[in-house]
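This report describes one protein model, part by part. Please look over the sequence and the structure first.

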Amino acid sequence: MAEASDAVMAVVHVTAPAHLDPHAIAAELTRAINGNAKRPMTAELSVARDVRTPPRRRDRYRHGFVALLSFGDQEPPDELDRRVRKIACKALRRRFGHKMAAEVRTELTTAEIAAFWCSMRGTPRRPA
């Protein structure tokens, strides 16, 4: 994995059937992003705590994930949000069915980055 300063943090919201485990969804997202041959990038995903929202409909939940995307020696692609969303939607629909949807956001505020960093790496140690 690249250094955290070389990575781009993204928030991924997935709307899925209620019976699906969010960890299975995260595993499929990781496989899809890491295995994309057109644009090599690596992803480290974590289920965001307390982001599972009540169902909009009876049979669907919205799950939140935090991702660190790294690109090796290359620059991040243009329209990164759209590219990751396209990869995610295609993989999730292929694996779990047509009721899956994904939204990706990479433009985060400093407060969001600080909060989501704790989901990825835990609370930073403070000197005594």
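## A first question

How many bridges join strand β1 to β4, and do they run parallel or antiparallel? Strand β1 (residues 8-17) is joined to β4 by 10 bridges, and the two run antiparallel. Two strands count as paired if DSSP finds at least two bridges between them.

## Basis of the report

The model is predicted: local features need pLDDT of at least 70, side-chain atom pairs count only at pLDDT 80 or more, and totals for chains, interfaces and linings use all residues. Residues are numbered from 1 along each chain as its sequence is written, and side-chain values use heavy atoms, with hydrogens and water left out.

## Overall make-up

The protein has 3 helices and 5 strands. Helices (H or I, at least four residues) and strands (E, at least two) are DSSP runs, numbered from the N terminus. Read from the N terminus, the order is β-α-β-β-β-α-β-α.

Of the 128 residues, 41% are buried. Buried means under 20% relative accessible area, exposed means over 50%, and partly exposed lies in between, with a 1.4 Å probe and protein chains only. The protein exposes about 8,200 Å², and carbon and sulfur atoms supply 49% of that area. Accessible areas come from the Shrake-Rupley method with a 1.4 Å probe; for residues, only the protein chains shown count as cover. Among contacts between residues at least 6 apart in sequence, 71% join residues at least 24 apart. A contact means heavy atoms within 4.5 Å.

## The paired strands

Thr15 stands opposite Arg62 in β4, and the bridge partner of His13 in β4 is Gly64.

Strand β1 also pairs with β5, in the antiparallel sense, over 5 bridges. Here His13 has Glu103 as its bridge partner in β5. Strand β4 in turn pairs with strand β2 (residues 42-47), again in the antiparallel sense, over 6 bridges. In that pairing, Ser46 has Val66 of β4 as its bridge partner.

## Val12

Val12 lies in strand β1. Is Val12 buried or exposed? Its relative accessible area is 4%, so Val12 counts as buried. Leaving out residues up to four places away in sequence, Val12 touches Leu29, His63, Gly64, Phe65, Glu103 and Val104. The C-alpha atoms of Val12 and Ala88 are separated by 9.1 Å, although the two residues are 76 residues apart along the chain.

## Helix α2

Helix α2 has 17 residues (residues 80-96), which should span 24 Å at 1.5 Å a residue; its end C-alpha atoms are 24 Å apart, so the two values agree. The expected span is 1.5 Å times one less than the number of residues.

The buried residues of α2 are Leu80, Val84, Ile87, Ala88, Cys89, Ala91 and Leu92. An α-helix has 3.6 residues a turn, so residues three or four places apart point the same way. The buried residues of α2 pack against β1, α1 (22-34), β4 and β5 (101-105).

## Loops beside the elements

Glu79 is found in the loop between β4 and α2. With a relative accessible area of 53%, Glu79 is exposed. Glu79 has a positive phi of about 50° although it is not a glycine. Most residues other than glycine have a negative phi. Gly97 follows α2 and has a positive phi, near 115°.

His19 is found in the loop between β1 and α1. At 68% relative accessibility, His19 counts as exposed. His19 and Arg60 are 41 residues apart in sequence and 8.4 Å apart in space, C-alpha to C-alpha.

## The largest pocket

The largest pocket has a volume of about 400 Å³. On a 1 Å grid over the protein atoms alone, a pocket is an open set of points where a 1.4 Å probe fits, with protein on both sides within 12 Å along at least five of seven lines; lining residues have an atom within 4 Å of a point. Grid points are joined across faces, edges and corners, and a volume is the space filled by probe spheres set on the points.

Which helix gives the most to the lining of the largest pocket? Helix α2 does, with 7 residues. Both α1 and α2 supply at least two residues of the lining. The lining residues include Glu28, Ala32, Arg83, Ile87 and Ala91.
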